[in-house]
Amino acid sequence: MRFKTIEWKDNSIRILDQTKLPKTEIYLKINTVRRLAESIKRLSIRGAPAIGVAAGYGVALSSLTSKTIDIKKTKKNIIKDIEMLQKTRPTAVNLFWALNRMKKIVEDYKERDAKGLHLTLLKEAKKIHSEDRELCRKIGENGARLVPDKANIMTHCNAGALATGGWGTALGVIYAAKKMGKNVHVYAGETRPLLQGARLTTWELQKNGIKVTLVVDSARASVIRQERIDLIIVGADRIASNGDVANKIGTYPLAILAKKHNVDFYVAAPSTTFDISLKSGFEIPIEERNADEVKSFSGTKTAPTSVSVFNPAFDVTPNELIKGIITENGILRKPYMKSIRKYIKKI
Ligand code: MRU
């Protein structure tokens, strides 16, 4: 990749500020957990796996910035910071998965040395990051087999290197197909209201030499009807045990279009995005964001100030619309209840 989405550098977290793309490539140096929490809420760092990686580093940062050498107080401060990070975004389960993993390290730490706790947490955060890189690589390889040569692939939002610790999930499949020598072309949906498709997916694909065409969300039906699409691949923020998938708002209508026009609709996601405590997608908490994101465009007012707005950031695609879920362990097929149970047991 020709950029670094997130890294631990000079005792702080360095992130590429995605709110500024594609105009400027600015990196933020984050040295407090509060700033990290704000950056996650603001979407400077976003995408389910990347939020998980950021949360891991956030806990390591907390142990560094805790202003005491008393281990009991340090642990208490870290738990408070974990609670702060838990409140940033509700839908991507990777956030909670990473925070629980880090919290367990804090709870299990038996030494009295606060510096030692920091080093242990930092090691774990770096492990979460490198594991995610590996998960993406495997997802890419597994999914690339589905991609025919000269494929036209449609995607939604951004499920690439900007959204993960590696080269991405849905876009990871595309990078892997290219690496295998296949010629691929991507249709990126712009993804209203925050334009992750237009601003981020096109930016990262172009940077990595993948041909991409941008379409507004409402043009997707026409493009699909014109038989220009071989398959659709999207990412996920949380997958329930029956295979229902929460992903960026606009994913569900895309899946309906795929069904109507007989196009295979795939979801690419690692094990860290599955939440088998939930029976179905109805139980997935859906983030509702600020009305201003809809009432203005690039700083210009586009709706009356007083109009009421409903702005859900995600929707849930019912499992029956999904042809397969591309994971690090292969492709899960229907019936998902059974294949997901088997897959989760294996890890
Ligand atoms: O609101 P965002 O930009 O964090 O939403 C991101 C998505 O919906 C992605 O598709 C999802 O997190 C998968 S990223 C590999």
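The model is predicted, and local features are taken at pLDDT of at least 70, side-chain atom pairs only at pLDDT 80 or more, while totals for chains, interfaces and linings use all residues. Residues are numbered from 1 along each chain as its sequence is written, and side-chain values use heavy atoms, with hydrogens and water left out.

**Domains and their interface**

The protein chain is divided into domain 1 (6-137) and domain 2 (146-346), with bounds that come from an automatic or database domain assignment. Taken over C-alpha atoms, the centres of domain 1 and domain 2 are separated by 25 Å. Where the domains meet, 29 residues of domain 1 are in contact with 33 residues of domain 2, contact meaning heavy atoms within 4.5 Å.

The size of an interface is often given as the accessible area lost when the parts come together. Domain 1 and domain 2 bury about 2,500 Å² between them, and 57% of this lies on carbon and sulfur atoms; buried area is the accessible area (1.4 Å probe) that two parts lose on being put together, summed over both. Within domain 1, the residues that lose the most area to domain 2 are Arg46, Thr91 and Leu135, which together account for 24% of what that side buries.

Across the interface of domain 1 and domain 2 the rule finds 18 residue pairs in polar contact, both residues being at pLDDT 80 or more. A polar contact is a pair of N or O atoms within 3.5 Å; within protein, one must be able to donate a hydrogen and the other to accept it, and residues adjacent in sequence count only if both atoms are side-chain atoms. On the side of domain 1 that touches domain 2, the elements giving two or more residues are helix H1 (33-42), helix H2 (48-65), helix H4 (93-108) and helix H5 (114-144), where helices (H or I, at least four residues) and strands (E, at least two) are DSSP runs numbered from the N terminus. H5 gives the most to this side, with six residues.

**Salt bridges**

A search of the whole structure finds 14 salt bridges, each being a side-chain nitrogen of Lys or Arg within 4 Å of a carboxyl oxygen of Asp or Glu. Two salt bridges are found across the interface of domain 1 and domain 2. The side chains of Glu25 and Lys207 meet in a salt bridge at 3.4 Å, N to O. Glu25 lies in the loop between E2 and E3 and Lys207 in helix H7 (residues 196-207), so the pair ties together parts that are 182 residues apart in sequence.

**Ligand surroundings**

Of the 17 residues around the ligand, Arg46, Ala48, Arg89, Asn247 and Lys248 come nearest, a residue being near if one of its heavy atoms lies within 4 Å of the molecule.

| Residue | N or O atom in | Distance |
|---|---|---|
| Gly47 | backbone | 3.0 Å |
| Ala48 | backbone | 2.8 Å |
| Asn247 | side chain | 2.6 Å |

**Backbone features**

Most residues other than glycine have a negative phi, and most peptide bonds are trans. The peptide bond from Leu21 to Pro22 is cis, with omega near 5 degrees, and Pro22 is found in the loop between strand E2 (12-16) and strand E3 (27-30). The peptide bond from Lys334 to Pro335 is also cis, with omega near -5 degrees, and Pro335 is found in the loop between strand E16 (330-332) and helix H11 (336-346). Leu43, although not a glycine, has a positive phi of about 75 degrees, and Leu43 is found in the loop between H1 and H2.
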